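Good morning, colleagues. Please look at the sequence and the structure on the screen.

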Amino acid sequence: MSRILVPFDDSERAREALEYAIDLFPNGEFVALTVVDTSSVPAIPNTASGDEDEVAETVETVFGDVEERLETPERLAAERDVPIETRTRLGTPTQEIVEFAETEAVDHIVMGSHGRSGVKRFLLGSVAEVVVRHSPVPVTVVR
């Protein structure tokens, strides 16, 4: 059975990627990963204590309720009767997605792309492109 990572930011593209992943790997185990992007935050309280409740409280205080973002993948998986695990990480999305794939026994990544091009892509970068270039496992990008 394949373990499929689906980075999830609660966008329409992320929902489409999860649905596509379920169709592509009907017998897979799925992980929806939400990365709370800390790159634009000037300072974050120390979350290295390892206390999950303290980390969750810090995330909610600084970034809002992340749990609400993960309700969608849980609902989609339940509708299709497939197992899903939801995880949250703090950091830069590209780095956290690649690191998760390196350390968490993932077989494939299926992710959405916001379809930026031209100047927007140059200035904002493409998370999907960086993940494709650095991932230790195959990546399918859904546009």
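The model is predicted, with local features requiring pLDDT of at least 70 and side-chain atom pairs pLDDT 80 or more, while totals for chains, interfaces and linings use all residues. Residues are numbered from 1 along each chain as its sequence is written, and side-chain values use heavy atoms, without hydrogens and water.

Ala14, Ala17, Leu18, Ala21 and Ile22 of α1 are buried, that is, under 20% relative accessible area with a 1.4 Å probe, protein chains only. They lie on the same side of α1, because they cover an arc of only 135° around the axis, taken from the directions from the helix axis to the C-beta atoms. Their cover includes β1, β2, α3, β3, β4 and β5.

Now to the cores: a nonpolar core is a set of buried Ala, Val, Leu, Ile, Met, Phe, Trp, Tyr and Cys residues joined through side-chain atoms within 4.5 Å. The largest has 14 residues, of which Leu5, Ile97 and Ile109 touch the most other members. Helix α4 gives the most to this core, four residues. Another core, of 13 residues, lies apart from it and includes Val6 and Val110.

Finally, β4 and β5 pair in the parallel sense over four bridges; pairing requires at least two DSSP bridges. Met111 stands opposite Val141 in β5. In β5, Thr140 and Val142 form the covered face, and Val139 and Val141 the uncovered one.

How values were computed: Buried < 20%, exposed > 50% of the residue type's maximum accessible area, 1.4 Å probe, protein only. Helix = DSSP H or I, 4+ residues; strand = E, 2+ residues; numbered from the N terminus. Contact = heavy atoms within 4.5 Å.
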